[in-house]
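Hi everyone, thanks for coming. Have a look at the screen while I get set up.

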Amino acid sequence: MTTATSPRVLAHPTREEIRLENVLHALSDPMRLRVVRELATAEDNLSCSHFDLPVTKSTTTHHFRVLRENGVIQQIYQGTAKMNGLRRGDLDALFPGLLDSILAAAEGQAERLAEG
């Protein structure tokens with residue numbers, strides 16, 4: 001894993017360090033999947049404060065860290081804001097079709113649950 005050189009630079013796994021089981025673990029939580037679904041439709045990176053998750057701030061921080069440490073998102077600081085972006089290029093290169101399949105399944109599930 002790449003190491004942080006200062007408190008303002010966050011450690012991310014390299015593409016070669018990303019593992020399927022870790023990505024699936026990161027996406028197995030409903031809150032983390034919600035974040036990824038929103039990032040997948042965003043035009044640009046989104047700040048952590050953009051997300052209104054029904055959990056505490058510390059739990060939200062935990063979810064973002066799990067997504068980052070498992071190679072699903074990249075986080076960078078822009079001023080005082082921590083910006084989040086989906087690592088779609090890396091994920092698509094390593095696991096072709098996986099992210100699109102998961103996002104489609106999550107959308108289908110959301111629609112099914114809304115109808116019920």
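This is a predicted model: local features need pLDDT of at least 70, side-chain atom pairs count only at pLDDT 80 or more; totals for chains, interfaces and linings use all residues.

Residues are numbered from 1 along each chain as its sequence is written, and side-chain values use heavy atoms, with hydrogens and water left out.

Okay, the sheet. What order do the strands come in? It's an open sheet of three strands, β1-β3-β2, with antiparallel pairing. Two strands pair if DSSP finds at least two bridges between them. β1 (46–47) and β2 are at the edges with a single partner strand each, so one side of each has no neighbour in the sheet.

Now the pairings. β1 and β3 run antiparallel and are joined by two bridges; S47, for instance, has M83 of β3 as its bridge partner. β2 (residues 73–78) and β3 (residues 81–86) are antiparallel too, over six bridges, and there Q75 is partnered by N84. The hairpin of β2 and β3 has two residues between the strands, and G79 takes a positive phi near 65°.

On to the helices. How do α2 and α3 meet? The axes of α2 (residues 30–41) and α3 (residues 57–69) come within 10 Å and cross at roughly 70°. Axes here are lines fitted to C-alpha atoms, for helices over the stretch in contact, and angles run from 0 to 180 degrees between N-to-C directions.

Who's touching whom? M31, R32, V35 and V36 of α2 meet H62, H63, F64, V66 and L67 of α3, where contact means heavy atoms within 4.5 Å. Those residues split into six nonpolar, two polar and one charged. For the classes, Ala, Val, Leu, Ile, Met, Phe, Trp, Tyr, Cys and Pro are nonpolar, Asp, Glu, Lys and Arg charged, and the others, Gly among them, polar.

Last stop, P13, in the segment before α1 (20–27). Is P13 buried or exposed? P13 counts as buried because its relative accessibility is 6%, and buried means under 20% relative accessible area (1.4 Å probe, protein chains only). P13 and R68 are 55 residues apart in sequence, yet their C-alphas are 8.0 Å apart in space.

Technical notes
Helices (H or I, at least four residues) and strands (E, at least two) are DSSP runs, numbered from the N terminus. Buried means under 20% relative accessible area, exposed over 50%, partly exposed in between (1.4 Å probe, protein chains only).
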